[in-house]
Amino acid sequence: MFDQGPIRTVLRLDGVAKRFGEGPGATTAVIDFSLDVTEGEFVCILGASGCGKSTLLKLIANLLLPSAGTIERAEHVARRGGIGMVFQRPVLLPWRTVLGNVLAPAEVLDLPGWPQDTARELIARVGLAGFEQALPHQLSGGMQQRVSIARALLSDPKLLLMDEPFGALDALTREQMNADLLRVWSETGKTVLLVTHSIEEAAFLSDRIVVMAPRPGRIAEIVVNPLPRPRELAVMASPEFAALEGRLRERVAHA
Amino acid sequence: MRNAFVRGAEATLYVVALIVLWWAVVKAFGVSPLVIPSPERVLGAGITNFTLLALSTGITLGEALAGFAAAVVTGVLLAVAIVSSRLASRLLLPTLVAVNSAPKVVFAPILVIWFGLGLWSKVGMAFLLCFFPIVINAAQGLREVDPELIDLYRLMQAGNWTTLRRVRFPNAIPYILSAMKIALPLAIIGAVIGEFVAARAGIGYQVMLAYSNSDTELVFAAVLLLTIASVLAFALLGWAESLMLARYPVSIEARA
């Protein structure tokens, strides 16, 4: 489907639109959205509430069908388990342990190797070693979200979709989660599409930032992130970071 | 541990106090034993007829439990059908509501006509009385699943059966257990009603027999024994529920 050259496109959206309802009561959530995402890239979709960011992720995940336009997914993304998803809330199975929750995809998908070992490894990677047998309600919100990230990674998806994953967490936990997410990302080489309404978060995490304009949701501008990698939390104190933030803030305000 | 002991002692004292009060009222006002027999007379009647009463209670509880078990199984299966198919939901729900709004006692003679004087008409009556809350609450539990959890399983292209087994059914377990706690006493009521209408055995039958012989002491003994047995069965169910719900963060209040 795609050119398999040195730069591989894993996802291509072309003129995608989504309308809900019909007739005069219909609302257009997303319109004329085109974007190519390259393998290993970290793309943030930045915008205020109500600009169709979550709809967009559901379209990419094939949970919704577009009203217009096309969405092409690379073969290894389109396969079962090729996409991992993290929501704003942890969305765990409350009756199962941390390990049981991380292993849940293995009961649905045919995963190669030893899912048990992979699950334990992932739990350690997101910083929850020792909590394998804990139940979700015994953990803090941030820890629960770490579980849901480990679960999303179990099937070794090529594309990770994150819908304001840290939006419900307090600012300090959020910064730590962002730093940890970057570490996991650089260790696993996933392609990540993360929706956020936090300018700071988008600037810290991304390779590119898609700034959205609201009603109907559409692309205002795609900003390439000039900050070097690897990034530590300290980068947020640099003048380059402030400059990028300023540019994004202005773009969001006039979107 | 100490707390449990204190609470147990409290409860025992309370029951003893009630019995003493009962005894005192009967003695003080000289109530006729035909209206309210004194505790020791009831105890006497209970001991004299213990084998008969125990056997009868066993029969009644057996009928109730059989109807209850059948109601749990068919109730959960019907709830699955209601949740899985719009057609089933459209056809079954109104039928269930109609049957439930009828005073179910009137079905007792019909059940006797169909299943005879023996056990089965009582099992049917127990089933009929306790079936409805199980269907309704199980359906609610199967339905009230976090929609994003369903999205997650759809993303993995999980089939309906997998989603039912892995998400919907475990989600419904607290609802089903809670409904069972409502349903068990109803099942016992159903079995006794069945015995009142027409029977050859069971505690309800013994109560009616003793009543027609003006043997108030035996009526009291039978009622007390059935009450104790019901309380024990209910406590056993509550204990089983708490074991099963250890993993669930919140408890569910079932709707009757």
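Domain bounds come from an automatic or database domain assignment. The structure shown in these views is a predicted model.

**View 1. Domains 1 and 2 of chain A.** In chain A, the assignment gives domain 1 as 9-82 + 157-253 and domain 2 as 92-156. The C-alpha centres of these two domains of chain A lie 24 Å apart. Where they touch, 13 residues of domain 1 of chain A are in contact with 12 residues of domain 2 of chain A. Helix α6 (residues 171-188) of chain A gives the most to the domain 1 side, with 5 residues. By class, that side of domain 1 has 8 nonpolar, 3 polar and 2 charged residues.

**View 2. Packing of helices α3 and α4 of chain A.** Helix α3 (residues 98-108) of chain A packs against helix α4 (residues 115-125) of chain A at an angle of about 130°, and their axes are 9 Å apart. Because of that angle, α3(A) is oblique to α4(A). The crossing of α3(A) past α4(A) is right-handed. From α3(A), the residues Val98(A), Leu99(A), Val102(A), Leu103(A) and Ala106(A) meet Pro115(A), Gln116(A), Ala119(A), Leu122(A) and Ile123(A) of α4(A). The residues of this contact divide into 9 nonpolar, 1 polar and no charged.

**View 3. The side of chain B that touches chain A.** Here 17 residues of chain B are in contact with 19 residues of chain A. Helices α7 (147-155) and α8 (160-197) of chain B each supply at least two residues of the chain B side. The most comes from α7(B), with 7 residues. This side of chain B divides into 9 nonpolar, 2 polar and 6 charged residues.

Definitions and conventions. Residues are numbered from 1 along each chain as its sequence is written. Chains are lettered from A and ligands numbered from 1 in the order in which they are written. This is a predicted model: local features need pLDDT of at least 70, side-chain atom pairs count only at pLDDT 80 or more; totals for chains, interfaces and linings use all residues. Axes are lines fitted to C-alpha atoms, for helices over the stretch in contact, and angles run from 0 to 180 degrees between N-to-C directions. Helices (H or I, at least four residues) and strands (E, at least two) are DSSP runs, numbered from the N terminus. Angles under 35 degrees count as roughly parallel, over 145 as roughly antiparallel, 65 to 115 as roughly perpendicular and the rest as oblique. A crossing is left-handed if the near helix is turned anticlockwise from the far one by less than a right angle, and right-handed if clockwise. Two residues are in contact if their C-beta atoms, placed from the backbone, lie within 7 Å. Ala, Val, Leu, Ile, Met, Phe, Trp, Tyr, Cys and Pro count as nonpolar, Asp, Glu, Lys and Arg as charged, and the others, Gly among them, as polar.
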